[in-house]
Amino acid sequence: MLHVAQYQPLRLITQNSLFSMCLKVVLSRPVAFAQIRKSWFSIHSLVGNKNIILMGPPGAGKTTIGRIVGQKLDCPVIDIDDDVLETTWNMSVSEKLQDVGNEQFLEEEGKALLKFSASGSVISLTGSNPMHAASMQHMKKTGIVVYLDVPTSVIMSRLKSMKVDRIVGQSLGISLKDILQFRKQFYKRWYDIRVLCGGDVAAEVVAEKVLDAVKRYQNSELETFISTRSNRSGRSMEKDCHKYFSDVVTEGLAPDGGLFVPERGLPKFTAGEWQSLIEATYMERAQVMLERCIHPADIPASKLAEIIEAAYGENFTCSKIAPVRHLAGNQFLLELFHGPTASFKDFALQMVPHIFAYCIPRSCNYLVLVATSGDTGSAVLDGFSRLHDTDKQRIAVMNFFPEDGVSPIQKSQMIGCQKENAWSVGVKSDFDFCQTAIKQIFTNSDYTGFLTVEYGTALAAANSINWARLLPQIVYHASAYLDLVHQAIIPFGSPVDVCIPTGNFGNILAALYAKIMGIPIRKCICASNENNVLTDFIRAGVYDLRGRKLIPTFSPAVDILKSSNLERYLHLIANEDGQLVTQLYNQLENQGHFQLQKDLLEKLQQDLVAGWCSEEDCLAAIHSVYSTTGYILDTHTAVAKVVADRLQDRTCPIIISSTAHYSKFAPAILKALRIAEINQNPLSQLRLLGSYSPLPPVHWGLLETLKKKGNEDHQVCAADMSMLMSCIETLIQNHFM
């Protein structure tokens with residue numbers, strides 16, 4: 001077996017040989033001993049006996065960066081090309097490639113790597129090493145694999161300047177760009193950590209990023225979560241109170257009634273890192289962003305990739321997942337309805353069930369409770385019904401919705417999406433009751449304890465109060481901006497506004513989080529329908545529910561008066577003052593209102609502006625846009641369009657979130673387009689709309705769901721807490737016992 005001590009003139013010595021040297025020099029050369037001791041402890045304190053293994057395409061700078069990292073850690077540095085392959089073969093790499101050809105070269109390269117052993121070193125792989133599975137499995141066992149992720153266009157430019165026009169694996173008729181893209185699948189298979197590398201980032205800067213990434217990888221205890229109602233100074237004294245990502249996914253709501261947020265805030269991307277994602281696909285952007293938001297100790301990169309593939313690989317009808325379409329003037333639509341249930345909720349709820357199944361302990365059954373004002377219900381039912389059969393046996397979901405507060409098609413869809421582990425319950429009340437009831441159930445420790453002891457079942461949440469629901473939404477707001485840059489609509493760094501139909505404040509909060517992470521969003525425009533409590537709050541700083549009654553509208557997903565995720569935003573602008581947040585929400589609960597201090601209102605208005613739309617204006621906007629463009633907006637998007645028209649100043653592009661497909665609201669659309677309804681049957685209504693060859697076409701998933709027979713019944717429950725709790729127990733007994 002090859003040993004690192006063979007390779008000279010680099011300081012390639014193992015820890016055993018290092019300590020042998022220490023014994024010889026300790027008496028005669030104390031200064032030298034101190035330096036050697038420092039060398040060992042520098043690398044050992046960071047990664048122990050493990051290696052830091054740099055991986056990436058040719059031209060990524062692995063050798064240069066490896067040397068800098070080695071110098072900073074004062075540890076051995078090994079370049080596989082120069083120090084292993086050429087020493088083993090006694091010829092240059094290019095000569096070997098010419099001698100044996102592409103396929104045999106990869107095999108010979110792999111054999112050499114399988115005989116190689118090192119510890120406590122920085123190792124720079126070749127660009128083709130990851131294509132040999134057995135040797136990479138061998139290397140991965142010895143250390144932490146760091147992927148230097150450089151955009152293909154940057155690699156092409158670098159290779160051109162180096163006068164390299166062919167690389168290993170490239171045969172006649174295959175372009176350099178194609179082989180570089182082909183290789184990415186192998187890099188993605190093996191890495192533990194990704195480091196984004198822009199085009200003109202100095203090697204020293206990348207080396208620091210490598211060290212920072214390795215430190216993060218080794219220190220998962222730093223990425224904890226707190227409640228929006230916790231006292232940070234007091235809480236830090238109680239180590240047992242620390243929650244990690246896996247905990248908050250499982251628990252949903254904090255024990256004190258607050259919402260979980262990351263204690264150290266969200267990760268920041270540099271402008272160069274964002275620019276490196278301009279060429280990336282939607283799923284690649286999601287992978288990069290979520291890796292930075294979820295510690296690999298909670299979900300390793302390889303598992304996260306599987307989850308993203310399961311969520312977005314085949315379940316969305318558009319290959320771009322969340323395409324941006326020009327509407328008119330400076331307005332662009334972010335189409336968020338191409339998922340299986342035709343709303344933006346699919347982005348989170350195709351992913352969250354897989355995250356949940358991975359994070360929860362195997363020793364307990366889980367019942368996921370969700371309240372919906374329309375779109376969440378079918379999305380959560382569909383998402384959890386796609387789990388593997390073994391997971392469906394231990395995870396079930398119960399969806400509560402206002403029986404008379406959703407559109408006929410939404411109700412048909414929720415009933416049609418029921419499966420063996422997924423049920424819908426209609427509640428004779430509104431969404432606010434459903435949401436408040438779930439919160440009360442979660443904070444009723446006697447009841448939740450009873451379920452655990454009696455039935456071995458724990459409760460979990462899938463509403464946007466669950467932190468995992470928000471993360472996928474941040475991705476599509478960032479991706480929309482990058483798409484405008486990629487389409488040369490704007491240069492990177494130019495601002496955009498976003499306008500979002502808003503009820504529970506989750507979607508617009510995700511846009512605000514994207515801004516915090518470095519996306520140049522100038523203003524977030526909060527668009528309400530006639531339930532305009534948020535508009536009043538953003539304009540005046542007074543959240544007042546006294547005397548307000550929920551008004552059923554054509555845009556039921558934002559028929560909400562108590563916006564849960566607003567609490568997370570208030571916690572953010574209040575400098576994470578949990579006591580203040582607790583005070584505000586206690587006042588809201590007990591007195592029906594609260595008022596922000598002047599300084600907090602000023603902070604809020606730096607990020608947010610708000611407006612609302614009447615029912616008449618909503619329908620008029622749908623008709624107007626269809627008449628001029630042939631495009632049909634859904635009712636929620638129409639609300640945002642009306643508000644955007646009123647509030648935008650036209651000095652920058654505005655991205656309007658199109659949060660649902662119009663097919664879900666066929667009666668309102670038919671009324672807006674002044675088309676007579678043939679009957680009340682939802683399937684007939686969709687077929688009528690389809691006969692007009694609209695843009696976009698009628699949603700395929702809705703048609704398929706409505707065509708299905710069976711699963712047409714659902715349970716209806718009175719607006720009574722004891723009745724809801726009885727429903728929960730019955731479901732647990734039927735499914736888990």
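Mentor: Take tyrosine 147 and tyrosine 191: their ring centres are 5.5 Å apart and their planes make an angle of 40 degrees, so the pair counts as tilted. Tyrosine 147 sits in strand β4 (residues 143-149), while tyrosine 191 is in the loop between α9 (176-190) and β5 (193-196), so this pair ties together parts 44 residues apart in sequence. Helices here are DSSP runs of H or I with at least four residues, strands are runs of E with at least two, and both are numbered from the N terminus.

Keep in mind that this is a predicted model: local features need pLDDT of at least 70, side-chain atom pairs count only at pLDDT 80 or more, and totals for chains, interfaces and linings use all residues. Residues are numbered from 1 along each chain as its sequence is written, and side-chain values use heavy atoms, with hydrogens and water left out.

Buried means under 20% relative accessible area, exposed over 50% and partly exposed in between, using a 1.4 Å probe and protein chains only. Tyrosine 147, at 2% relative accessibility, counts as buried, and tyrosine 191 is buried too, with a relative accessible area of 4%. Now look at phenylalanine 450 and tyrosine 455: the centres are 5.8 Å apart and the planes stand at 85 degrees, so this pair is edge-to-face. Phenylalanine 450 is partly exposed at 32% relative accessibility, whereas tyrosine 455 is buried at 12%. There's also a cluster, in which ring pairs link Tyr282, Tyr312, Phe316, Phe347 and Tyr476.

As for the setting, the protein has 34 helices and 20 strands, and 60% of its 737 residues count as buried. Its C-alpha trace spans about 90 × 60 × 55 Å along the principal axes. If a contact means heavy atoms within 4.5 Å, then residues 24 or more positions apart account for 76% of the contacts with a separation of 6 or more.

Key. Phe/Tyr/Trp six-rings, centres within 6.5 Å; stacked < 30°, edge-to-face > 60°.
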